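Trainee: I have a protein model open and want to learn how to read it. Where do I start?

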Amino acid sequence: MSRKKPTLNSGTQKTKRTSVIIGLLSAMAVAIVGAVVTHYIGILEPDIRYTYSQLQDPLRFLDQRVDSNGDFVFLASIKVQATNIAFTSGFIDRVEFVPLAIETIPKIEIKHLDKKSIGWRKPQEIEVRALLTIQAGLIGPAAERKMVALELKSFDDRGHVIDRYDDGKFARIRFDLSGEIKRVFKVLENK
């Protein structure tokens with residue numbers, strides 16, 4: 001019986017297998033740590049969204065006047081509720097009003113925006129005050145035909161559009177001001 005002499009290859013094969021196993025385990029560990037770090041960085045940025053529990057009367061006209069050109073000027077207050085689903089707090093930095101009809105496009109100036117800090121899962125009421133100027137002189141259409149519909153676009157402190165509800169569904173905050181403006185027109189014209 002001859003004994004088999006250990007060769008140099010048998011020890012090298014074990015070393016190669018061990019190296020391959022260590023390499024695979026290292027690659028898996030790097031992939032897992034990379035995924036966790038990426039997720040963690042993602043939740044560090046604020047993710048502000050509207051809530052379904054909006055106020056019953058989100059739009060109020062605080063004051064209305066007729067300016068020197070004969071145009072109607074309204075000071076409107078719009079209140080929306082927003083929450084943050086990320087851990088890092090944020091705030092609504094900027095808002096815009098986008099007209100939904102071309103019949104009457106008011107001149108809009110944002111006068112005030114609550115820049116309250118919105119913490120994790122803490123709904124905040126945000127108020128926007130805007131000055132709306134609607135042509136009513138010879139250039140503008142008759143008061144009976146005034147169609148004013150606007151959409152509120154909000155942007156967070158990173159410049160991202162806020163366009164989702166807290167459950168992830170697409171959200172649009174729209175206001176049809178036509179009825180309220182017609183009522184105010186009648187009041188102002190009777191003065």
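Predicted model: local features only at pLDDT ≥ 70, side-chain atom pairs only at ≥ 80, totals over all residues.

Trainee: What percentage of the residues count as buried?
Mentor: Buried means under 20% relative accessible area, exposed over 50%, and partly exposed in between (1.4 Å probe, protein chains only). Here 32% of the 191 residues count as buried.

Trainee: Which residues of the largest nonpolar core touch the most other members?
Mentor: In soluble globular proteins, nonpolar side chains tend to be buried together. A nonpolar core is a set of buried Ala, Val, Leu, Ile, Met, Phe, Trp, Tyr and Cys residues joined through side-chain atoms within 4.5 Å. In the largest core, of 30 residues, Tyr-50, Phe-61, Ile-78, Ile-92, Leu-152 and Leu-177 touch the most other members. Strand β3 gives the largest share, six residues.

Trainee: How many aromatic pairs does a search of the whole structure find?
Mentor: A pair of aromatic rings is described by the distance of the centres and the angle of the planes. Rings of Phe, Tyr and Trp (its six-membered ring) pair if their centres lie within 6.5 Å; planes under 30 degrees apart are stacked, over 60 edge-to-face, the rest tilted. The search finds three pairs.

Trainee: Why is the pair of Tyr-52 and Tyr-165 classed as it is?
Mentor: Their centres are 4.2 Å apart and their planes at 15°, so the pair is stacked. The two residues are 113 residues apart in the chain. Tyr-52 is partly exposed, at 46% relative accessible area. Tyr-165 is buried, at 16%.
Phe-87 and Trp-120 form a tilted pair, with 5.2 Å between centres and 50° between planes. Phe-87 is exposed, at 53%, and Trp-120 is partly exposed, at 45%.

Trainee: Where does the charged end of Arg-94 sit?
Mentor: A charge sits over a ring if NZ of Lys or CZ of Arg is within 6 Å of the ring centre and within 35 degrees of the ring normal. The charged end of Arg-94 sits over the ring of Phe-155, 3.9 Å from its centre.

How values were computed:
Residues numbered from 1 in each chain as written. Heavy atoms only, no water. Helix = DSSP H or I, 4+ residues; strand = E, 2+ residues; numbered from the N terminus.
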